[in-house]
Amino acid sequence: MRASHYLLATVKETPSDAETTSHQLMVRAGLIRKLATGLYTWLPMGLRVLRKVTDVVRDEMDKAGALEVSMPVVQPAELWLETGRWQAMGPELLRFTDRHERDFCLGPTHEEVITDLVRNEINSYRQLPINLYQIQTKFRDERRPRFGVMRAREFTMKDAYSFHMDQASLDATYALMHSTYSAIFTRLGLDFRPVAADTGAIGGSASHEFHVLAESGEDEIVFSSDSDYAANMEMATGTLPALTQDAEKKSASEVDTGDAHSIDALCERLSVSPQRCVKTLVVRACDAEGEMTDDLIALLLRGDQTLNEVKAQKLARVASPLVFASDEQIEAVFGCKPGTIGPVSRPPTAETAGIYTYADLSVTELINFVCGANKDSLHRIDVNWDAETRFDEAVDIRCVQEGDLSPDGKGTLAIKRGIEVGHIFQLGDKYSAALKATALDEGGKSVTMTMGCYGIGVTRVVASCIEQNHDQHGIIWPENIAPFRLVIVQVDAHKSELVRDTSEALYQLALDSGIEVLLDDRDKKTSPGVKFAESELIGIPHRLVVSPRSLADGVIEYKRRGEPEKELLAPDEASSFVTRLAATAP
């Protein structure tokens with residue numbers, strides 16, 4: 001490709017609304033252009049990268065035996081009504097009506113559509129298991145689109161859905177998809193971690209996320225220093241290092257703590273460490289059907305620990321999503337302000353008898369601790385678990401911390417930020433049951449199929465790659481997804497026929513060798529400095545520079561992107577380099 005005939009839409013200035021490195025560089029390098037909030041046009045340079053990522057995803061999915069389909073972006077409301085998600089989904093689901101007043105939506109995902117397809121096409125165990133995937137546009141009306149294509153409203157996604165007669169079959173495909181995703185992200189040159197994850201709104205049982213490690217990531221992921229244990233913060237568990245405590249239990253007493261209502265203020269007032277304090281959080285309860293009630297639930301944590309709300313809202317008695325009790329509700333039930341409540345028993349009353357107390361594992365072994373006295377301005381010190389100070393159930397409801405012991409007993413836990421680029425789920429029969437997707441088993445019995453779901457944010461992968469691979473000059477692409485592998489820069493070609501002939505010969509050799517090459521043949525109005533800067537900004541891995549000065553010295557300059565040193569090659573060596581480059585296709 002000749003630069004003189006190509007749309008090199010680079011810009012010098014960083015867009016004012018671009019917060020992340022990837023957003024800034026994708027605009028500056030001419031990969032994307034903003035059309036409206038959360039909507040982007042992919043320019044030729046960006047589309048080359050996007051297609052290469054797509055090709056890797058498609059190749060590995062095909063190797064795994066998945067079958068590609070293409071489903072409509074526009075989906076009828078009837079399917080979403082069958083699963084109950086028409087009402088359950090929030091404003092992220094963009095709904096509209098056609099000219100006949102029929103309800104439709106733009107698909108943010110395709111569980112309903114694929115299940116409808118399968119229930120009409122699959123009727124026997126002989127046709128199963130089957131794994132169907134597509135690489136297609138999705139639309140989610142994000143409340144706050146940001147970070148460029150990282151969190152856009154319209155994006156490209158690879159979504160796959162598998163159907164099975166039993167759990168064993170689903171387990172096998174789930175394991176295959178886990179290894180397939182690892183192969184995809186390895187081929188893309190990404191530093192990633194697969195982590196155990198919460199199933200969230202999609203539903204189902206087992207779930208793993210695939211995160212690209214990057215400081216700009218929105219998620220925290222936890223992994224062991226000495227094993228393959230990894231989980232996102234919502235699901236991670238760990239063991240606190242042993243705490244040095246008193247050898248003997250003391251007798252509890254009440255102390256005046258004035259207006260010390262926070263853990264920090266309390267510790268300063270009493271000269272104690274947060275590890276010796278028990279804090280009480282109060283949330284709303286739910287009934288057996290999961291509906292929120294007026295009852296309250298107490299959650300106990302050590303003073304230096306943070307509540308993991310996802311873990312807490314999974315507790316049987318706790319309303320989901322988690323709702324904290326108001327100050328007024330707390331005062332009405334406990335008879336004191338929130339800053340002084342604690343796990344101290346009182347004579348049962350109609351108001352207090354229904355409070356169930358969960359204690360995080362961090363507090364169950366504490367000795368001589370500090371907690372609220374359920375009286376304004378008062379706390380209890382040297383408290384121990386007994387008939388008066390008690391809890392109903394010990395659970396894990398805290399966020400793990402850096403340095404916790406790994407739950408598998410191997411090493412300590414580290415926490416890094418990650419960008420979620422893939423997510424796999426075991427859906428079970430959530431959608432197949434709702435949509436009556438059944439097949440006959442070997443005995444002729446109708447069985448509801450069980451499902452798996454496997455997604456990759458293809459456009460997000462491009463941005464994530466940039467977050468991991470850049471420097472102060474621009475993008476540093478892995479070779480297999482770079483828009484071009486080689487750029488040949490002509491310098492002062494209008495002054496030298498030898499420059500033109502040499503660069504043209506190298507360009508033709510690269511083309512004949514199957515190398516994706518860009519010949520920067522732009523005229524004298526584009527300075528050499530601009531050409532060099534743009535090649536660095538765009539991130540092309542290899543650069544040959546042909547100039548009158550270098551040719552006069554009998555050399556051609558070579559530079560690999562991301563490496564500081566330049567190398568001088570004789571013209572025949574430059575030709576040999578191009579030949580070798582072709583032989584090492586990524």
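This is a predicted model: local features need pLDDT of at least 70, side-chain atom pairs count only at pLDDT 80 or more; totals for chains, interfaces and linings use all residues.
Residues are numbered from 1 along each chain as its sequence is written. Local features need pLDDT of at least 70 and side-chain atom pairs count only at pLDDT 80 or more, whereas totals for chains, interfaces and linings use all residues; side-chain values use heavy atoms, with hydrogens and water left out.

The C-alpha trace of the protein spans about 100 × 65 × 45 Å along its principal axes. The protein contains 15 helices and 30 strands, taken as DSSP runs numbered from the N terminus (helices H or I, at least four residues; strands E, at least two). Of its 586 residues, 51% count as buried, that is, under 20% relative accessible area with a 1.4 Å probe, protein chains only.

In soluble globular proteins, nonpolar side chains tend to be buried together. Here the largest nonpolar core has 63 residues, a core being a set of buried Ala, Val, Leu, Ile, Met, Phe, Trp, Tyr and Cys residues joined through side-chain atoms within 4.5 Å. Met-26, Leu-31, Phe-185, Leu-188 and Trp-477 touch the most other members. Helix α2 (residues 44-63) supplies the largest share of this core, seven residues. A second, separate core of 26 residues includes Trp-80, Leu-427, Tyr-431 and Ala-439.

Strands β29 (residues 556-560) and β30 (residues 566-569) run antiparallel and are joined by four bridges; strands pair if DSSP finds at least two bridges between them. Ile-556 has Leu-569 of β30 as its bridge partner. The two strands form a hairpin with five residues between them, and Gly-562 in the turn has a positive phi of about 95°.

Terms used:
Buried means under 20% relative accessible area, exposed over 50%, partly exposed in between (1.4 Å probe, protein chains only).
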